[in-house]
Amino acid sequence: MPGQVGAISNEREGLLAYLAHMRYVLKLTAYGLTPEQLRATPTAGTLSVGGLIKHCTATEESWIDTVRRQPQKVDYEAYNANFRLADDEPIEAVLAEYGRVALKTEETIAGIDDLGQAVPVDHSVPWNPKDVDNWSVRWVLLHLIQETARHTGHADIIREAIDGGTAYPIMAAAENWPDSPWMQKWKPSGDQQA
């Protein structure tokens with residue numbers, strides 16, 4: 001996937017394309033990291049690259065289940081656990097789960113005729129407004145783009161703190177772009193040119 005979303009022909013396609021792009025860029029923050037680096041928390045907080053991917057996966061699925069009006073139980077323990085990549089949890093399994101959730105999102109949205117369709121607001125959490133009863137499917141997609149982009153920024157900072165890797169050089173390595181005078185592919189620590 002290139003560094004920019006391609007041309008879009010309608011709102012639905014655009015919302016799904018931007019969400020897919022944000023997922024992709026988030027997943028790229030894990031590219032080339034060791035299991036220990038995926039779990040590393042090099043900032044003052046407790047966020048890790050692997051944990052952020054896991055959190056965005058769970059968050060997207062929860063929102064899509066809300067759109068589908070599937071009942072959900074509030075599980076704060078599971079919510080907190082979704083910010084951590086467990087020692088026995090391979091990143092490949094987390095990325096596969098993210099792919100499954102992405103497909104569920106795309107299939108769900110494809111089956112909805114009107115992006116203005118009402119989605120009930122969960123008033124059990126303090127961050128949702130009490131004076132709003134419904135979001136729309138459109139709002140949910142915009143929120144998922146926002147949420148994923150926000151956490152991609154967190155993951156970018158964590159990744160840079162781990163090994164100095166930044167988005168475009170990592171993308172260049174993952175997609176095997178040709179090196180140029182202004183863009184060199186990311187290489188594992190020790191292989192970087194000064």
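## The largest cavity

Val25, Leu28, Thr29, Asp156, Arg159, Thr166, Ala167, Ile170 and Met171 line the largest cavity of this predicted model. On a 1 Å grid over the protein atoms alone, a cavity is a set of points where a 1.4 Å probe fits but cannot get out, and lining residues have an atom within 4 Å of a point. Helix 1 (11-28), helix 6 and helix 7 (167-175) each give two or more residues to this lining, with helix 7 providing the largest share, three residues. Helices here are DSSP runs (H or I, at least four residues), numbered from the N terminus.

The space inside comes to about 50 Å³, a volume being the space filled by probe spheres set on the grid points, which are joined across faces, edges and corners. The count is one cavity of 30 Å³ or more.

## The largest pocket

Now for the open space: the largest pocket (an open set with protein on both sides within 12 Å along at least five of seven lines) has a volume of about 1100 Å³. Of its 28 lining residues, Ser62, Tyr79, Asp122, Val125 and Trp127 are the closest to its centre. Helix 3 (49-67), helix 4 (76-81) and helix 6 (137-163) each give two or more residues, and helix 3 gives the most, six. The lining has 13 nonpolar, 10 polar and five charged residues.

## Notes on the model

Residues are numbered from 1 along each chain as its sequence is written, and side-chain values use heavy atoms, leaving out hydrogens and water. In this predicted model, local features need pLDDT of at least 70 and side-chain atom pairs count only at pLDDT 80 or more, while totals for chains, interfaces and linings use all residues.

Note on methods:
Ala, Val, Leu, Ile, Met, Phe, Trp, Tyr, Cys and Pro count as nonpolar, Asp, Glu, Lys and Arg as charged, and the others, Gly among them, as polar.
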